[in-house]
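Reader: I have a model open and want to learn how to read it. Where do I begin?

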Amino acid sequence: EILFAEGINDSAEEVAALRQAVNRMRLDRIQLNTVARPPLESFACPLNKESMAAIARQFREDNPLRPVDLLAFKASQDDESKDRNKIYFNLDREADKQAFTVELIEMLKRRPCTAADINRTFHLGGAEKVELLLDALVQDGRIQKRAYGDSVYYQ
């Protein structure tokens with residue numbers, strides 16, 4: 001996986017150098033990504049879909065048989081995954097609610113997530129229901145809510 005950030009590693013020279021490095025490796029697949037969540041540094045900005053698609057075409061030209069995925073543009077925020085390894089909590093039970101809160105806060109320490117992201121992980125019945133749970137944690141000061149792009153992230 002290669003992460004691209006605008007003005008940091010998206011110049012023609014940087015992309016050419018990355019292509020050279022990748023072509024020396026025996027890779028089955030290349031995954032290209034860009035900044036999709038609130039970054040730690042404010043100068044880390046995402047590339048637009050057209051720029052990422054152009055970079056993907058260059059990598060495909062090097063080896064047309066090797067798949068090149070654009071990760072940042074694959075799934076929508078509301079996409080419900082069919083993942084069988086989801087974590088289920090019965091939030092009507094106090095013990096499950098406490099366990100969920102601990103797991104959630106640990107996850108948010110690692111990376112900011114939208115309500116849809118959290119729902120895909122914990123399968124809680126939809127992003128709207130998750131937002132109600134998160135609002136209480138925001139009010140308690142245990143997590144923060146932050147707008148980034150067109151989405152709201154919790155961290």
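Predicted model: local features only at pLDDT ≥ 70, side-chain atom pairs only at ≥ 80, totals over all residues.

Reader: Why look at residues three places apart?

Author: The general idea comes from helix geometry. An α-helix has 3.6 residues a turn, so residues three or four places apart point the same way. Here, Lys-109 and Glu-106 form a salt bridge, with their closest N and O atoms 3.0 Å apart.

Reader: How many salt bridges does the structure hold?

Author: Six. Side chains of opposite charge can pair when their charged atoms come close. Take Asp-62 and Arg-19: their side chains meet in a salt bridge at 2.7 Å, N to O. This pair links distant parts of the chain. Asp-62 is in helix α2 (residues 49–62), Arg-19 is in helix α1 (residues 12–23), and they are 43 residues apart.

Reader: How accessible are Asp-62 and Arg-19?

Author: Asp-62 counts as partly exposed, at 29% relative accessibility. Arg-19 is buried, because its relative accessible area is 18% and buried means under 20%.

Reader: Which residue does Arg-29 pair with?

Author: Asp-69, in a salt bridge whose closest N and O atoms are 2.5 Å apart. Arg-29 lies in the loop between α1 and β2 (30–34), and Asp-69 in strand β3 (residues 68–70), so the pair ties together parts that are 40 residues apart in sequence. Arg-29 is partly exposed, at 44% relative accessibility. Asp-69 is buried, with a relative accessible area of 12%.

Reader: Now helix packing. At what angle do the axes of α1 and α2 cross?

Author: The axes of α1 and α2 cross at roughly 35° and come within 11 Å. The crossing of α1 past α2 is right-handed. From α1, the meeting residues are Val-15, Leu-18, Arg-19, Val-22 and Asn-23. From α2, they are Ile-55, Gln-58, Phe-59, Glu-61 and Asp-62.

Reader: How do α3 and α4 pack?

Author: Their angle is about 125°, with the axes 12 Å apart. α3 and α4 are therefore oblique to each other. α3 passes α4 in a right-handed crossing. On the α3 side, Phe-100, Glu-103, Leu-104, Met-107 and Leu-108 make the contact. On the α4 side, Ile-118, Thr-121 and Phe-122 do.

Reader: Which residues of α5 are buried, and what do they pack against?

Author: Ala-127, Val-130, Leu-134 and Leu-137 are the buried ones. They pack against α3 (94–110), α4 (115–122) and β5 (151–154). Just after α5, Gly-141 takes a positive phi of about 80°.

Reader: What about a loop residue? Where does Asp-10 lie?

Author: In the loop between β1 (2–4) and α1. Asp-10 is partly exposed, with a relative accessible area of 28%. For a loop residue, look past its sequence neighbours. Leaving aside those within four places, Asp-10 is in contact with Phe-4, Ala-5, Val-15 and Leu-47. The C-alpha atoms of Asp-10 and Met-52 are separated by 9.1 Å, and these residues are 42 apart along the chain.

Reader: Last, the whole chain. How many helices and strands are there?

Author: Five helices and five strands. From the N terminus, the order is β-α-β-α-β-α-α-α-β-β. Of the 155 residues, 35% count as buried. Among contacts between residues at least 6 apart in sequence, 62% join residues at least 24 apart.

Conventions
Residues numbered from 1 in each chain as written. Heavy atoms only, no water. Buried < 20%, exposed > 50% of the residue type's maximum accessible area, 1.4 Å probe, protein only. Helix = DSSP H or I, 4+ residues; strand = E, 2+ residues; numbered from the N terminus. Contact = heavy atoms within 4.5 Å. Salt bridge = Lys/Arg side-chain N within 4 Å of Asp/Glu carboxyl O. Axes fitted to C-alpha atoms, helices over the stretch in contact; angles between N-to-C directions. Parallel < 35°, antiparallel > 145°, perpendicular 65-115°, else oblique. Left-handed = near helix turned anticlockwise from the far one by under 90°.
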